[in-house]
Amino acid sequence: MAELLLGPLLRHVDDRSATVWVETDAACAVDVAGRETPTFRVAGRHYALVVLTDLEPATSLEYQVRLDGEVRWPLPGSDLPPSRIRTLPVGGDHDFLMLFGSCRKPESEDPAENKKWGTDALAAYAVRMSTQDERDWPDSMVMLGDQVYADETSKATQEWISTRRSLDEPPGVEVANFEEYVRLYHESWSTPLIRWLLSTVPTSMVFDDHDVRDDWNTSQDWRDAIEATSWWAEREQGALVTYWIYQHIGNLSPEELAEDKTFAAVLAEGRSGDAEGVLRAFAEAAAQEVNGRKGTRWSYRRDFGNVRLLVIDTRSGRILKDGHRSMVGDGEFEWIEENAEGDYDHLLIGSSLPWLMPHVVSHAQSMNEVSARRTDWRGRLAEKLRQGADLEHWPSFRGSYDRLTRLIRRIAEGSAASVCVLSGDVHHVYAAEATFDREVNARVWQLTCSPLHNSIEGYMRPLFKLAWWRPLANGLRRWMYRSDEIEPLPVDWTKAAGPYFGNAVATLRVRGRRADMVIEQAGTGADGPYLRPRAPIALVD
């Protein structure tokens with residue numbers, strides 16, 4: 001009989017539909033709440049995305065997972081509450097709660113890793129959820145990158161890899177292919193609390209660099225060096241194939257899935273044979289998206305009543321060649337601008353990389369971009385600094401940064417109550433409010449929450465605090481503007497909370513046109529993991 005290897009993951013949920021993702025150990029029929037779907041096969045592995053439609057709005061549906069008629073979820077002996085699909089109400093003024101964060105290492109049984117990475121904020125949140133009324137559960141969760149760490153593997157994964165190949169050969173302890181990426185997802189999502197949380201809270205995801213490799217697509221020099229290795233092509237292909245299976249398809253609505261040609265091809269091939277070839281060809285094309293070649297669109301849009309979530313792929317579609325640096329290509333940006341327009345009260349822009357950073361870091365990135373354009377020793381030095389210091393966020397792509405800023409300002413001049421950029425990546429937590437060169441109607445925020453479960457080097461904490469120090473930032477800005485090549489910034493911002501360090505998760509609550517955020521930091525006490533809230537931040541009064 002078929003067994004459930006991973007999942008269920010509750011992914012896209014709206015007022016009348018839901019999708020549930022599973023991985024099984026054999027071909028079978030997967031039944032969720034009476035909706036049955038056959039699995040599809042990729043590289044000998046079996047998956048299903050069960051699409052439920054014609055659900056009733058504002059209802060809670062307890063569900064099980066059956067494989068060929070046998071109950072495989074919930075797990076035997078589980079004392080966690082039943083998994084539920086909770087559809088959204090129709091209309092825009094309901095109480096909406098979103099959970100978000102990024103950068104999550106797997107839970108570890110190794111004492112040194114466990115001490116280094118600390119308490120998993122998502123596990124702590126699941127513990128609290130398990131004792132709450134379901135009416136207090138989040139309506140949505142957004143995981144903003146680094147769901148897995150392909151280049152910083154755990155000791156357990158390194159031991160597992162060593163049974164397959166020599167760690168003395170490149171890429172060493174980093175993952176090398178599809179099967180090793182699969183191992184990362186299993187390691188990250190298999191613990192009971194996380195598995196239950198992901199089965200219960202609708203989750204949207206997007207990758208960042210560690211899902212593929214640190215500093216992925218930082219610059220053309222980075223790509224030239226990595227593409228010269230013997231192992232990168234297989235590594236990147238494995239990353240994109242597993243990302244499509246484990247993360248991307250769950251971001252799509254039933255209507256988008258029905259129109260997706262790759263999804264249709266995978267089902268057609270994978271239900272009668274194996275769709276590995278389909279997805280390898282897809283991944284090869286998607287890898288060519290760098291520098292504007294047409295590949296795939298990983299960005300997506302979700303609507304939750306009066307809240308719109310627009311998630312931007314800031315990694316795979318960068319323009320890097322011939323001295324041109326753009327976070328996304330023109331076609332992708334036109335899609336972003338088109339989907340940012342609409343009838344809503346709150347626009348949430350999901351970007352794994354922050355738009356507004358500590359001022360000193362932001363100004364340094366603007367300056368570095370200009371220096372890196374040069375072809376002499378100064379350009380080479382700037383490129384080394386760019387890669388060594390991770391200077392590859394929005395400010396280091398100033399053309400894209402300014403275009404995003406103009407878009408946000410334009411939306412803020414309209415009828416929206418707030419525009420919030422949700423980000424992670426930088427391993428500290430902060431909230432900053434933006435102001436522009438002219439009055440706007442909406443409150444505009446950068447909300448950054450990272451990590452969910454990871455660590456930061458001790459020396460970085462005082463450096464990040466110093467990077468927010470206004471006198472230093474103002475001095476650097478004056479020096480920056482001495483160059484005719486650097487345009488004045490179209491936005492200013494003031495830190496309202498943070499920086500906080502340590503594992504944390506953020507909750508964003510919307511009630512009509514009001515919105516607030518709470519940052520909660522994770523710890524472990526005598527009774528297990530817990531969350532310690534910071535003062536709430538009123539985003540819109």
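Reader: In which sense do β14 and strand β15 pair, and over how many bridges?

Author: Two strands pair if DSSP finds at least two bridges between them. Here β14 and β15 (residues 307-312) pair in the antiparallel sense over five bridges. Tyr300 stands opposite Val311 in β15. Strands are DSSP E runs of at least two residues and helices are H or I runs of at least four, numbered from the N terminus. This is a predicted model, where local features need pLDDT of at least 70 and side-chain atom pairs count only at pLDDT 80 or more, while totals for chains, interfaces and linings use all residues. Residues are numbered from 1 along each chain as its sequence is written, and side-chain values use heavy atoms, leaving out hydrogens and water.

Reader: Which strands are at the edges of the sheet?

Author: β14 (300-304) and β20 (491-500), each pairing on one side only. The open sheet has seven strands, ordered β14-β15-β16-β17-β19-β18-β20, with mixed pairing.

Reader: OK, on to helices: at what angle do α12 and α16 pack?

Author: Axes are lines fitted to C-alpha atoms, for helices over the stretch in contact, and angles run from 0 to 180 degrees between N-to-C directions. Helix α12 (residues 359-372) and helix α16 (residues 470-480) pack at about 15°, their axes 9 Å apart. That makes α12 roughly parallel to α16 (the label for angles under 35 degrees).

Reader: Which residues of α12 make the contact?

Author: Contact means heavy atoms within 4.5 Å. On α12, they are His359, Val360, His363, Ala364, Ser366 and Met367; α16 brings several, including Leu472, Leu476 and Trp479.

Definitions and conventions:
Parallel < 35°, antiparallel > 145°, perpendicular 65-115°, else oblique.
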